[in-house]
Amino acid sequence: EAIRSEEQLHSRGRKIPIQLIADALIRAGYFSLDEQAKALGLNRSTAWTIMKARHKLGHLNNKTVRSILANPDTPVSVRVIIRTMLSQN
């Protein structure tokens, strides 16, 4: 499945809306920025951008998605959102 997901990441039109990720983290009980960054496997500034939904494109880039999926601490709810969005279209 990892290879399939990697191929899907490179397909045009595969976008992961950041608001869905932010909402999933809050629902999973990750309230502090440190917890959120660790849960996503990202640095604090990237996690802050996601949580504040201030990214100019409104979706995550492929590198960030790969980092989130590679992180063993990423909550299942976030993984489900990403995989669902990648499987669409």
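Here's a quick tour of the protein shown above, from its overall layout down to a few side chains. It is a predicted model, so local features need pLDDT of at least 70 and side-chain atom pairs count only at pLDDT 80 or more, while totals for chains, interfaces and linings use all residues. Residues are numbered from 1 along each chain as its sequence is written, and side-chain values use heavy atoms, with hydrogens and water left out.

**Overall layout**

- The protein has 6 helices and 2 strands; helices (H or I, at least four residues) and strands (E, at least two) are DSSP runs, numbered from the N terminus.
- Of the 89 residues, 37% are buried; buried means under 20% relative accessible area, exposed over 50%, and partly exposed in between (1.4 Å probe, protein chains only).
- Take the contacts (heavy atoms within 4.5 Å) with a separation of 6 or more: residues 24 or more positions apart account for 67% of them.

**Charged side chains**

- Side chains of opposite charge can pair when their charged atoms come close.
- The count here is 1 salt bridge, meaning a side-chain nitrogen of Lys or Arg within 4 Å of a carboxyl oxygen of Asp or Glu.
- That pairing joins Asp34 and Arg44, at 2.5 Å from N to O.
- Asp34 sits in helix 3 (residues 33-40) and Arg44 in helix 4 (residues 44-51), so the pair ties together parts that are 10 residues apart in sequence.
- Asp34 is partly exposed, at 47% relative accessible area, and Arg44 is partly exposed too, at 46%.
- Arg79, in helix 6 (residues 76-87), is buried but has no salt bridge: the nearest side chain of opposite charge is Asp73, 7.7 Å away. For charge, Lys and Arg count as positive and Asp and Glu as negative; His and the chain ends are not counted.
- Leaving aside residues up to four places away in sequence, Arg79 touches Ile68, Leu69, Asn71, Pro72 and Thr74.

**A look at helix 5**

- Helix 5 (residues 62-70) has Thr64, Val65, Ile68 and Leu69 as its buried residues.
- These cover an arc of only 135° around the axis, which puts them on the same side of helix 5; the arc is that of the directions from the helix axis to the C-beta atoms.
- Exposed Lys63 and Ala70 are on the face of helix 5 turned away from its buried side.
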